[in-house]
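Hi,

Here is the structure I promised to pass on. Have a look at it first, and my notes follow below.

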Amino acid sequence: MVAEMKAEQIGQAARTDMQLTVPARPVLRRGVRLRRSGDSVVLDGADRAQAFSGAFAREGLVPLTDACDGTRSHTELAQKVGFAESTVYKCLALLWTAGAIEEAPSAEEPAVAPEWAVFLSRLGNSTGANQSWADGVALLARRPVRLEGDPAVVAAARRSLEQVCRLATDPAGPSGPPEELTVFFETAASAPLLAATEERCRQDGRPLLRVRADARAITVGPYVDLSLTPCLECGSHGEAELSGDLPEHLHDLVAGLASHHVVALLARATISHLPADSSVTDTATLVTEYRPAAVRPGCPRCSSTRGPVAPQAPAGSVYEASVAMPPRAFLAPKDHQAHYYASNLRLQSQFKDWPSRTHTPLPVPDLSVLAEAERHDPARGAAPLTLDALGTVLKIAFGIKDEESTPERVKRWTAASGNIGCTTAYVVLRDDRILPPGIYVYAQGSHTLAAVSSQVPPGDAPCEIVITGDLKKVMTKYGTFGFRLVFLDAGCNLAAAREVAQHLGLGFAPRTDWDDDALALVLGTSPADEPIAGVATLGGSA
């Protein structure tokens, strides 16, 4: 999939978004280059192939990056290349986002092998966590790593890591630094020793990374730090028994996989699934799957509930663990840049319109009736539901601010995750004084009701609002995390609808239970693509 980003947009965002940074004294990352290729400028050597298009890219980017030697400020760069400083800033923001530049080291460069410096610099863009490759070197030097478990795999891992990070050689004990990372290689032979190592790390408050291997699979994880993660037993529950001794030809593969993730954890220069997930790699096919670490209810070490320990974590807990934000210490600022991809920005102005359905325009809302002084007095009883009132509820809970919205920036009345608008309001009407009874769907872009069906499900309320999630739309940007955002947005929709209904004196009652299959059938929706996230009655008594 092609991800497009524009210098103008990312430059504006970098000035206001605290999660985006632009190097003050930029330098070209080691191991990368920009070159002309036809009508584009291509970035070679970064973590993904990228090209810059446009007249300015062809004429200005290469001279600008040639001037980025780590000694010049933005003002000095502008003077050197003859561009406005604002233009230089936008270009640097885009180049940093692409992984072409980084901050020059603030002190003398660390004395490390050139290949190692290039590795940390060239791939340091993978998370964007370090301003400079030298920061990655400093992180590796600061935190010692202790290797324990299977002696043969420990020896292989030591060969991989001894020139990279600081390996602990003294006997394990509470006198070591609390930031020390222990890596335990669990095989059939060393498995009985794991419990003692885990207990020692827990007592000393030090993190533990368990690496498990046999002839069938290599599991990297869980990473255990009880201040951040579930315990080892919760993180590893449900695993199959080890199949036997680890074959000798797999020693280097196990050590290599572990070394990659140790470097990623400590230096933050490369991508890792840790600390949230464990990876399981099939030794025959090298196919890898990822498993989140989820707390088992009742676990005495990491669960807030008391009682018998559940044999496994519930499905909901596993899902929540799989989409949870990483701990603050492991946040990846690079991920935040996805908000500014052109394709993601376009999502906010993409509306369903049901072109083959008959649309009924809704009255333009009179927002003055929502002024505090005009709030309905409950002592007068519930007000009747009218088409005007229904349109006002739908506009505020699901609609957009027409006068303030532009094709580049949509403004909504109610909070929406990523400003996408990933929920849809279906309206079940039973009162023919409002509209002919039937099922309608609210079209946000046109502020109309599109007729879906003339069949009305049983019920007493004059109107019901059924909120569904547009998974296809939200998962374009957020993946499986989008399922959670659907329910967050539905909660905002319900809260806004309730507030407007109370102002207008309308009865409003969220439903706490419903039949998903029955509702999907009458709405003509698919639970896999459009799950029902909320239901409420509107009108009548509350």
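A word on conventions before the rest. This is a predicted model, where local features need pLDDT of at least 70 and side-chain atom pairs count only at pLDDT 80 or more, while totals for chains, interfaces and linings use all residues. Residues are numbered from 1 along each chain as its sequence is written, and side-chain values use heavy atoms, with hydrogens and water left out.

On confidence, the protein chain has a mean pLDDT of 88, and 92% of its residues reach 70 or more (pLDDT is the predictor's confidence in each residue, from 0 to 100). Helices (H or I, at least four residues) and strands (E, at least two) are DSSP runs, numbered from the N terminus. Where pLDDT is low, the predicted coordinates should not be read in detail.

Back to Phe 351, which sits in the loop between helix H13 (342-347) and strand S12 (359-361). Leaving aside neighbours within four places in sequence, Phe 351 is in contact (heavy atoms within 4.5 Å) with Ile 400, Val 410, Arg 412, Gln 444 and Gly 445.

The search of the whole structure finds 2 cavities of 30 Å³ or more. On a 1 Å grid over the protein atoms alone, a cavity is a set of points where a 1.4 Å probe fits but cannot get out, and lining residues have an atom within 4 Å of a point. Grid points are joined across faces, edges and corners, and a volume is the space filled by probe spheres set on the points.

- The largest cavity holds about 80 Å³. Of its 14 lining residues, Ala 397, Phe 398, Arg 412, Ala 416 and Asn 493 are the closest to its centre. Helix H14 (387-398) and helix H16 (481-504) each supply at least two lining residues.
- The second largest cavity holds about 40 Å³. Arg 29, Glu 102, Leu 120, Gly 124, Asn 130, Ser 132, Trp 133 and Ala 269 line this cavity.

Some backbone details are worth a look too. Two peptide bonds to proline are cis: Gly 221 to Pro 222, with omega about 5 degrees, and Leu 274 to Pro 275, with omega near 5 degrees. Pro 222 is in strand S9 (residues 217-224), whereas Pro 275 is in the loop between helix H10 (251-267) and strand S10 (277-282). Arg 268 is found in that loop as well; although not a glycine, Arg 268 has a positive phi of about 60 degrees, and with a relative accessible area of 12% it is buried. Asn 419, also not a glycine, has a positive phi of about 55 degrees and counts as buried at 13%.

Finally, helix H15 (residues 471-478) has Leu 471, Lys 473, Val 474, Lys 477 and Tyr 478 buried. Seen down the axis, these buried residues fall within an arc of 165 degrees, so they line one face of H15; the arc is that of the directions from the helix axis to the C-beta atoms. Just after H15, Gly 479 takes a positive phi of about 60 degrees.

Best wishes

Note on methods. Buried < 20%, exposed > 50% of the residue type's maximum accessible area, 1.4 Å probe, protein only. 1 Å grid on protein atoms, 1.4 Å probe; cavity = no way out; pocket = protein on both sides within 12 Å on 5 of 7 lines; lining within 4 Å.
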